[in-house]
Amino acid sequence: MLGDKIREARKKQQFTLNQLAEASNLTASYISQVERNLAEPSISSLRKIAAVLQMPLYQFLDDDAPQTQVIRADKRKHLILPDSDITYEYLSPTGSGSEAPKLEVILFRLAPKTWSRPDYAVHPTAEECVTVLSGRLTVDCVRESYDLSEGDSIYLRSNQPHKVFNPGDDVAVALSCLTPPVH
């Protein structure tokens, strides 16, 4: 379960609950509840924990099966977080260490009239290209916003703050390609 993976990663990196709490701006009691699977973290809380532990979000996925070069549609790793309006499917292999891919390809679905996240994402070393497969997206890059329709794409350079909004009445589906993968 998700909490077990967080606890295992925290202990492996020799963080105490208090150290992880302080570094992530979360409370130790909340992290303890998450680790004991009594509370499900929001996507923003999970991102904070993953950032402190220097782990990509996909490391917390339930499916531990090793992936090969071919990712079958029914074997994709999914990241579906509670209280989140976005879901992710990993189309490229995931891994760490010497097995880590240099490109991350993610299919995401964003619910109508919702944001991908409350804050801006900033990838210090990764560049990203997002292509809208269906629906519409607005990409907010702080100083400018870009309205994208089906078939449109946007290239985001490293360190470019951004978040995505679905202004439509239907779920928007998009493909995100990042290199190197975001941790």
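**Sheets, a helix and a glycine**

Author: The model is a predicted one. It contains an open sheet of three strands, ordered E6-E5-E8, in which the pairing is antiparallel.

Reader: Which strands stand at the edges of that sheet, and why is one side of each left without a neighbour?

Author: The edges are strand E6 (145-148) and strand E8 (163-165); each has a single partner strand, so one side of each has no neighbour in the sheet. From one strand to the next, the twist averages 25°.

Reader: How many bridges join E5 to E8?

Author: Strand E5, residues 137-140, is joined to E8 by three bridges, and the two run antiparallel. Within this pairing, Asp140 stands opposite Lys163 in E8.

Reader: Turning to E4, how many bridges join it to E9, and how many to E7?

Author: Seven bridges link strand E4 (residues 127-134) to strand E9 (residues 172-179), running antiparallel. Four bridges link E4 to E7, also antiparallel.

Reader: Which residue stands opposite Glu128, and which opposite Val130?

Author: Glu128 faces Leu178 in E9, while Val130 faces Ile154 in E7.

Reader: And what holds paired strands together in general?

Author: Strands of a sheet pair through backbone hydrogen bonds, in either a parallel or an antiparallel manner.

Reader: Let us move to Gly151. Where is it found?

Author: Gly151 lies in the loop between E6 and strand E7 (153-156).

Reader: Is it buried or exposed?

Author: Gly151 counts as exposed, because its relative accessibility is 56% and the cut-off for exposed is over 50%.

Reader: Which residues does Gly151 touch?

Author: Leaving aside residues up to four places away in sequence, Gly151 touches Thr131 and Val132. As for Asp83, which is 68 residues apart from Gly151 along the chain, the C-alpha atoms of the two are separated by 29 Å.

Reader: A change of topic: why is helix H4 described as largely enclosed?

Author: Helix H4 spans residues 43-53, and eight of its eleven residues are buried, so the rest of the structure largely encloses it.

Reader: Which residues of H4 are buried?

Author: They are Ile43, Ser45, Leu46, Arg47, Ile49, Ala50, Val52 and Leu53.

Reader: Finally, which residue just after H4 takes a positive phi?

Author: That residue is Gln54, with a phi of about 55°.

Key: Residues are numbered from 1 along each chain as its sequence is written. This is a predicted model: local features need pLDDT of at least 70, side-chain atom pairs count only at pLDDT 80 or more; totals for chains, interfaces and linings use all residues. Side-chain values use heavy atoms; hydrogens and water are left out. Two strands pair if DSSP finds at least two bridges between them. Axes are lines fitted to C-alpha atoms, for helices over the stretch in contact, and angles run from 0 to 180 degrees between N-to-C directions. Buried means under 20% relative accessible area, exposed over 50%, partly exposed in between (1.4 Å probe, protein chains only). Contact means heavy atoms within 4.5 Å.
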